[in-house]
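Trainee: I have a new model open and want to learn how to read it. Can you walk me through it?

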Amino acid sequence: MAEPLKNLLHPGLVKEMATHISRAAPDFDGGRFTELATAGMDALELMQRADRIRQALAQTLPADYPAASDILRRALPAEGTPGLSGWALLPVNQFVSEYGLAHFDLSLALLKALTPHFTAEFGIRRFIHADEDRALAEISGWVTDPNHHVRRLASEGTRPRLPWAMRLPGLVRNPHPILPILVALLDDPEDYVRRSVANSLNDIAKDHPALVADFVERHIEGASPARRQLLRHASRTLLKKGNAKALANFGFAAARGIEATLAVATPVVVFGDKLGFSIDVTNGDTAPQRLMIDYAIHHVKANGTLAQKVFKWKQLDLPAGARQTITRDHAIRAITTRVYYPGTHRIEVLINGATSASADFDLRME
């Protein structure tokens, strides 16, 4: 069984934090910090543990925020000397976010300094929310930083809908202020950074599909393979939804004369097994066609209604008059992001964003 996520923050890590902070500030009461941070820890989940440690930092570091900030900065790894790193910096993010707004520039500088050792994407969001213009003016300068973790922070920390983090409603409504950051990082040498740019654009596409489709159109001509991959990943939500412009950006026109026959090999699926299915695709047009074939599972919800989830399948160049059969097995097993319910589900095949065939299957929870 996998280790519970909450154990990423544990008493041993708290003791290590006390050691590193005491190195930076010999009068720091590491014993009291450890006692406060670990009190009742076993009963707490990950973010609760982080908040408990954040509170312990507030109770044991100097009340003067600039002094506390200086200690935390000196407790980071430096020149081969170990220091605060990894998940130990999650509560430090929270500390800076909670107490550092009145010291805006100092706090952003600290978050920039710690991000190579963990990430500061959670910590900077309250600063963006509090004063978007001021925060983005500083963050925009990070796109040319020699450290790729800092460059990634410029894109990841400004994502409008960053998972696990507070949403940025101002950027959800109007993402234009972060577009220059994303443009500057389109051709970053690190795939780690480019993936973040793609994820940010995909966030934006959920609220502003036309904006992202237009963005991709402007930046795809003459794109390198790496940039093209980024733009494709950025368009994944639009492509799954059959957005016509997003499809056209990657050479997929509306399908013409395409016939698809869906066959379900397992009309009854027992939970934990696989749904097997295949389609016969025929191009009845007089010209070859480039096809993007996806499928959607319409899962039964607790109230008996169906909820669609689209999955990528295959890209196919089909000559005029040609026919091809493709098969797929889709595992239906326990995952953390979905609760399964028995009943009649539906599978739907999408070709260039349009429904081409569908069929039902029954799920049994045995």
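Mentor: Helices (H or I, at least four residues) and strands (E, at least two) are DSSP runs, numbered from the N terminus. Mind that this is a predicted model, where local features need pLDDT of at least 70, side-chain atom pairs count only at pLDDT 80 or more, and totals for chains, interfaces and linings use all residues. Residues are numbered from 1 along each chain as its sequence is written, and side-chain values use heavy atoms, leaving out hydrogens and water.

Trainee: What share of the residues counts as buried?

Mentor: Buried means under 20% relative accessible area, with a 1.4 Å probe and protein chains only. Here that applies to 45% of the 366 residues.

Trainee: And how do I read the contacts?

Mentor: A contact is heavy atoms within 4.5 Å. Among contacts in the chain with a separation of 6 or more, 67% join residues 24 or more positions apart.

Trainee: Which residues lie nearest the centre of the largest pocket?

Mentor: On a 1 Å grid over the protein atoms alone, a pocket is an open set of points where a 1.4 Å probe fits, with protein on both sides within 12 Å along at least five of seven lines; lining residues have an atom within 4 Å of a point. In this chain, M47, Q94, S97, F122 and R126 lie nearest the centre, out of 14 lining residues. Two or more lining residues each come from α3 (46–60), α5 (89–99) and α7 (125–130), and α5 gives the largest share, five residues.

Notes. Buried means under 20% relative accessible area, exposed over 50%, partly exposed in between (1.4 Å probe, protein chains only).
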